[in-house]
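The numbered points follow the heading.

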Amino acid sequence: MLIGDRPALDLVNTGRLGDDTDLLATPPTAEAWVRAMAAHLTDVPLGTDLAVDGVRLDDLRLVRGAVAQVLQGRPRSSSLAVVNRFDTEAAPSWTLDLGPDGAPVAQRRVWGSGLDALLGLVAADCVAMVRDGLLDEIAECASPGCQLRFLRGHHRRRFCRPDCAHRSRQAAYQRRQGR
Ligand SMILES: [Zn+2]
């Protein structure tokens with residue numbers, strides 16, 4: 001499981017594991033992913049309402065399919081409607097609080113259940129990636145067997161994470177040794 005700094009890519013990646021594993025295969029596997037995301041998103045208070053049943057699994061898959069289409073660059077209008085709906089209805093907003101020193105602090109405010117908020121966050125991130133012109137920056141990991149998507153960034157990196165770069169270097173080394 002790869003969790004990075006783009007929730008939209010994190011959701012798309014649940015279905016892009018090299019051995020055809022789908023993290024949204026069943027409610028328990030999907031709930032494990034949702035809980036891992038909630039633990040990772042420490043600045044968004046998703047709360048404890050993170051249970052995934054059959055209906056919520058359908059929502060997760062619906063949003064994943066729509067976001068994947070948008071990020072690929074040629075979405076159907078029905079996919080845009082799904083992303084727009086979850087962004088409008090469930091994306092966490094910002095609220096101001098007073099910090100300990102009396103200065104204002106901006107914090108995330110969640111509407112609805114934790115899972116709704118997570119789907120809203122994914123949809124909002126998808127909108128932001130289009131708005132920021134990032135679709136051309138999405139790359140597929142160059143490590144054999146890894147199909148995870150990530151943003152290349154300034155360093156034009158080729159691997160989704162250091163593990164994959166390491167594995168790829170080792171495979172190249174073994175190929176050379178075998179000659
Ligand atoms: Zn990888």
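**Note on the predicted model**

1. Leu2, Gly4, Asp5, Arg6, Leu9, Asp10, Asn13, Arg149, Phe150, Leu151, Arg157 and Cys160 form the lining of the largest pocket. On a 1 Å grid over the protein atoms alone, a pocket is an open set of points with protein on both sides within 12 Å along at least five of seven lines, a cavity is a set where a 1.4 Å probe fits but cannot get out, and lining residues have an atom within 4 Å of a point. The space in this pocket amounts to about 190 Å³, a volume being the space filled by probe spheres set on grid points that are joined across faces, edges and corners. Five lining residues are nonpolar, two polar and five charged; Ala, Val, Leu, Ile, Met, Phe, Trp, Tyr, Cys and Pro count as nonpolar, Asp, Glu, Lys and Arg as charged, and the others, Gly among them, as polar.

2. Residues are numbered from 1 along each chain as its sequence is written, and side-chain values use heavy atoms, with hydrogens and water left out.

3. The chain contains six helices and four strands, in the order α-α-α-α-β-β-α-β-β-α from the N terminus. Helices (H or I, at least four residues) and strands (E, at least two) are DSSP runs, numbered from the N terminus. Helix 1 (7-13) and strand 4 each give at least two residues to the lining of the largest pocket.

4. Which residues hold the zinc ion? Its protein donors are Cys141 (SG), Cys146 (SG), Cys160 (SG) and Cys164 (SG), at 2.3 to 2.4 Å. Donors are N, O and S atoms within 2.8 Å of the metal (3.2 Å for Na, K and Ca); water is not among the atoms, so sites may look incomplete. The arrangement is tetrahedral because the angles subtended by the four donor atoms are 105 to 116°, four donors counting as such if all angles lie between 85 and 135 degrees.

5. Along the chain, the zinc donors are spaced as C-x4-C-x13-C-x3-C. Cys146 counts as buried because its relative accessibility is 10%, and Cys164 is buried at 0%; buried means under 20% relative accessible area (1.4 Å probe, protein chains only).

6. Strand 1 (residues 93-98) and strand 2 (residues 104-109) run antiparallel, joined by six bridges; two strands pair if DSSP finds at least two bridges between them. Ser93 faces Arg109 in strand 2. Five residues separate the strands of this hairpin, in which Gly102 has a positive phi near 85°.

7. One cavity of 30 Å³ or more is present, and the largest cavity has a volume of about 40 Å³. Its lining consists of Leu9, Val12, Ala68, Leu71, Gln72, Ile138 and Arg149.

How values were computed. Predicted model: local features only at pLDDT ≥ 70, side-chain atom pairs only at ≥ 80, totals over all residues. Tetrahedral: all angles 85-135°; square planar, octahedral: opposite > 155°, others 65-115°. Buried < 20%, exposed > 50% of the residue type's maximum accessible area, 1.4 Å probe, protein only.
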